[in-house]
Each structure stands twice: as structure tokens, then as C-alpha cells.
Amino acid sequence: MPADPVTSLASAVAASAGAELELERPGEAEHGDYATNVALRLAGARRKPPREIAAEIAESATALDAVERTEVAGPGFVNLFLRDEWFVAALAEMLADGEAFGGGVPGKPERVQVEMVSANPTGPLHVAHGRNGAHGDAVARLFELAGHEVEREYYYNDSGGQMDRFRASVEAVRRGEEPPEDGYRGAYINDLAALKGDPVPLMLTEIEASLDRFRIRFDSFRRQSELELRLPELLPRLDTFEQDGALWARSSAHGDDEDRVLLRSGDRTPTYRAADVAYLVDKLDRGFDRAIYVLGADHHGTRNWYAAVARMLGYDPERVEVLLYQMVNLTKGGEQTRLSRRRGDIVLLDEFMDEIGVDAARWFLVNRGPDQTIELDVELAAERTQKNPVYYVQYAHARIAGILRNAGAAAVSSEPNAPLVAEERELVKRLAELPEVVRDALEKRGPQGIPTYAIRVADDFHRFYHEHRVLESEQEAFRLGLCRATRSVIARCLDLVGVEAPERM
RNA sequence: GCGCCUGUAGCUCAGGGGAUAGAGCGCGCGCCUCCGGAGCGCGAGGUCGCAGGUUCGAUUCCUGCCAGGCGCACCA
């Protein structure tokens with residue numbers, strides 16, 4: 001089992017108290033290292049005053065080795081004050097775990113597929129696609145850290161009206177003509193026209209290059225045209241009906257918000273929704289325990305469609321998960337006006353990365369919860385790029401790397417030579433939070449807690465560093481151990497959001 | 001009209017049934033004989049949209065209302 005000192009302590013306290021409980025870090029130092037509100041929760045059921053229950057729990061917890069003393073406070077909180085031994089043991093566990101600290105061994109390891117970005121290759125990626133990828137990739141990394149097997153997939157439409165217009169536009173330019181009225185235009189169309197062959201794979205190659213730069217690698221790609229071939233076999237297995245000359249899925253009867261057209265009236269060609277059916281079967285038949293769709297909130301109307309398809313086909317709908325994220329709203333110079341490509345404003349992912357760098361770009365796009373619309377002032381983002389907290393966190397990492405470089409072959413140990421100082425204890429407690437922070441982020445499919453936590457870690461480290469010397473101090477070995485663990489935690493957090501952890505800056 | 005999301009400090013946002021609601025930026029004041037000052041400390045700044053409800057306790061949960069965003073295609 002990977003180290004999780006806080007949970008271990010909580011279990012120990014729970015055992016002595018005879019009740020499930022959680023520990024939290026009080027806001028005030030006088031309230032101890034950890035506190036629990038079980039007594040308040042139990043008061044109703046046990047029909048006893050909370051402070052009375054708290055006193056009993058406090059009494060029994062005092063017997064624990066890790067606990068120096070306890071107190072009952074406020075309406076019935078139990079505050080725990082821990083001995084140095086607990087901090088020393090916690091650090092030792094973290095160091096023993098090394099890179100694995102924060103990870104997990106799931107009771108039931110899953111094969112997870114995260115399908116993300118999936119922009120149709122009719123043009124370069126926008127910042128909104130960046131949010132899709134940043135979010136999806138972070139969730140994927142969380143699953144991996146938790147011990148699951150993850151594959152990243154990109155799905156795209158390579159046939160149909162949109163792609164026809166795209167190809168026609170490139171062809172027109174190649175003939176020296178203007179793209180059709182409803183076609184695509186722009187510098188990239190001219191660039192594609194200068195190359196030979198089908199523009200779709202050419203465009204896809206460029207998209208892949210952008211994503212590679214954005215540090216997202218895909219394990220597989222799926223094309224709509226290929227999947228559609230299975231439709232004649234699959235559609236009869238669905239709950240369908242004919243109306244107005246079209247074939248409909250009766251998805252509203254299976255949990256969807258409405259029915260969907262599968263085959264158009266007239267030419268009976270399959271819709272995108274029909275291709276969804278083939279794709280879902282394709283995913284689930286490949287044996288993924290969990291198929292995750294990452295979709296922009298403008299697709300929220302179809303969030304129940306996928307599970308409905310799974311139900312109609314007899315699959316467990318629990319295997320299908322739709323992650324929604326809100327829009328990215330770019331403004332410039334504080335004005336609420338939308339950006340326009342025409343004005344040469346930044347809306348492309350590549351331009352965004354040019355402007356603020358890959359690290360800040362990844363950070364900005366997972367920094368906020370997926371349910372929150374991102375309001376981004378491009379001017380400020382570029383101007384304040386050096387003030388971005390991402391650099392604050394990276395700086396802490398580089399600073400520690402510097403100390404460890406200077407330390408050379410000096411001994412590293414989790415055993416202290418003297419009583420721990422407040423900053424050391426605070427830092428250990430902070431590092432010990434990682435397993436829970438990671439679990440929480442995975443559970444809510446919201447990686448925004450990671451950057452926030454990373455800032456706190458950097459904060460505690462900088463404070464510790466400012467107050468105490470590491471090298472040539474009487475606590476050198478212990479503090480080097482603390483540095484090593486801190487660096488590892490920061491590196492882990494940065495990795496989870498796709499940001500580099502520099503040795504130097 | 002219906003559905004989803006959001007309303008927390010000047011700005012951008014975390015948080016979330018409990019003890020004095022947090023961060024970054026911006027603003028004000030301090031700190032470099034010292035392992036990296038891309039740093040540290042202190043301060044000003046909030047009726048957590050409004051009104052009810054549940055609860056010993058609500059900024060957090062529920063309902064209604066107000067405001068904003070996004071959907072409601074035989075586009076993807």
C-alpha cells in the first residue's frame with residue numbers, strides 16, 4: 001500500500017474512538033495539527049452533548065503514539081497535537097515511496113479510455129480545443145497515477161458535408177480559384193493547397209504537431225468513415241422508428257433528453273449520431289471498462305445520449321462517462337468584445353502557446369474548475385506571464401534542485417537531530433496531503449485542485465527555506481530528506497497538469 | 001418556454017454543513033553580509049446574487065426569484 005500518513009492517522013483515531021471519522025487541518029495553529037468534528041456529527045445519533053462525546057474521543061486518542069495531547073474545543077471539535085515522531089515517520093514513508101507517493105493501487109484496476117480533443121481536421125486547433133485536451137489529459141494522468149490503465153484516443157470525421165467543403169476549398173485554391181461560398185478560407189488553406197494529396201491527413205498531421213507541443217500524445221485515432229461501415233449490422237439492434245422519412249433512435253425512452261435521427265430522410269445517409277453508435281460499440285467491444293468522452297459544454301444537450309445508446313445495445317451504461325467543460329472566453333485589453341481572427345487576435349492554440357508558453361498555457365486551462373467559464377484576457381495573460389503562479393511553483397522546484405545539487409553526496413535521512421521547527425512540521429503536513437488531493441481530483445474529475453495544492457506546497461517550502469538553512473545546519477540530513485520529498489511532490493503536481501519541473505530557471 | 005452551467009475581495013478565481021471565508025494579480029508598508037529576492041513578512045479590501053426552507057449550525061444542501069453564459073438541427 002502506498003503511503004498515506006493522514007489516512008493512517010485518521011484510521012487510528014477512528015479505531016480508538018469507535019467511529020468513522022475524517023481529519024482536517026484547522027485554520028488556526030492553536031487548534032492543533034489535525035482536528036475532527038465527529039463528535040458534532042455523532043451527537044444526534046448518540047443523544048449526548050457533542051462536547052461530552054468529544055471528551056471521550058479526545059481521551060482515547062491521547063493513548064496513540066503519534067498524539068502528544070488533545071483538546072476539546074468550540075462546540076465539540078477534537079483537536080490533535082502530534083509528536084515529532086509522527087512527522088518523522090510520515091516523511092520516512094514518503095521518501096520510501098519516492099516517485100510513487102500519491103499514487104494508488106486500485107481495488108479494481110480499470111482499462112480506461114479518454115477520448116478528447118477530437119476536432120475535425122478542417123482547420124488548426126483553437127484555445128477551446130486546448131482546454132479540452134488540457135482537461136482530458138489531466139484526468140487521464142490522474143487515472144494513471146491511481147493505477148489504472150489509460151489510453152488516449154482522438155476521433156474525427158473524415159467524411160460528410162463538412163469535410164467535402166473543406167476538401168473542395170483546398171482543391172479550388174489549387175486550381176487558382178476562390179474557395180466556395182460556404183467553404184473554408186485562410187492562410188492555412190493556402191498552405192495546404194501548396195502541398196500534394198488529400199488535405200485531411202495533412203491537416204491532421206499539423207493538429208498532431210500542435211498537440212505534441214501541448215504535451216498530449218494519443219495512443220490511437222479513429223475515423224468516422226471506417227466506423228460507419230458497421231452501421232448496417234448495428235442499427236437494427238437499436239430501438240428505432242421511422243418518421244418523416246428518416247430513421248430515429250427512440251433514445252428518449254432510454255434516458256436521453258430526446259430522440260435522435262440516425263438516417264436522414266431522402267438519401268438515408270447516416271448522421272453523426274449514427275456514427276456515435278458505431279463508435280461506442282467499437283470502444284466498449286475493445287474492452288474498456290470506462291469510456292470517457294470529453295466534451296465542451298455546448299454539447300451538453302447530448303450528455304445523456306451516449307449512455308442511452310449503451311442501454312439500447314445492452315451494455316452497462318456505467319461504463320460510459322461524459323465530462324463537460326465550459327467555454328473559454330477570450331477577451332483583449334479588458335474589453336468584453338469577442339476576439340476575431342480577422343483582427344489577428346489570438347484564438348489558435350499554437351498562437352496561445354507562442355504568446356504565453358506551453359507551461360502557462362496548460363496551467364491556465366486546468367487552473368479553473370471545468371464548470372467554470374474561463375475568462376481570459378489575452379493581453380494580461382501575455383503581460384503577466386511571469387507573474388503566473390506556475391512560475392512560482394516551478395521556482396520552488398528549481399530552488400530545491402539547486403540545494404540538492406549543492407548537497408552533493410551529503411547524507412539524507414528522515415531522522416532529525418533536534419526537535420522539529422514549526423515550518424518543518426507544516427511542510428510535512430502539507431506534503432502528506434498529496435494522496436487525498438489526488439484522490440479528490442480524480443473523484444470529481446476536476447484537476448483544478450492540483451495547481452491550487454501545488455501553490456500551497458511551494459508556499460510552505462519557500463517559508464521554510466526563508467526561515468531555516470538546509471545545508472550545514474545541524475538538521476542537514478533531515479532537511480535534505482524534506483527537500484527531496486518536497487521536490488518529488490511538486491514534480492508530481494506539475495506532471496499531473498502537464499507542466500515541466502525545471503532543474504534550473 | 002425547457003434544459004445544463006455560473007453568480008465568493010477592485011480583477012481573475014479556489015473552497016465548501018461547522019471554530020476569525022482563502023489564493024494570485026492590483027494597492028500600501030517593510031526585509032538581500034545568508035543554500036537561487038522568479039523569494040519572505042505585515043496591511044487595506046467581503047451582507048459568499050436575493051428571499052425562504054432543512055439543521056444544534058448554511059457561504060456550502062433544498063426551493064423560488066434575479067442576473068449572465070451555453071444548448072434545445074435530418075451541423076459536427
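**Ground rules.** I number residues from 1 along each chain as its sequence is written, and chains are lettered from A and ligands numbered from 1 in the order in which they are written. Because the model is predicted, local features need pLDDT of at least 70 and side-chain atom pairs count only at pLDDT 80 or more, while totals for chains, interfaces and linings use all residues; side-chain values use heavy atoms, with hydrogens and water left out.

**The sheet.** I looked up the strand order and found an open sheet of five strands, β6-β5-β4-β10-β11, with parallel pairing. Strands here are DSSP runs (E, at least two residues) and helices likewise (H or I, at least four), numbered from the N terminus; two strands pair if DSSP finds at least two bridges between them. At the edges I found β6 (220–223) and β11 (320–325), each pairing on one side only.

**One pairing.** I then followed β10 (residues 290–296), which six bridges join to β11. G296 has Y325 as its bridge partner in β11.

**Helix α11.** How many of its 14 residues are buried? I found twelve, so α11 is largely enclosed by the rest of the structure. Buried means under 20% relative accessible area, exposed over 50%, and partly exposed in between (1.4 Å probe, protein chains only). Among the buried residues are R273, D276, Y279 and K283.
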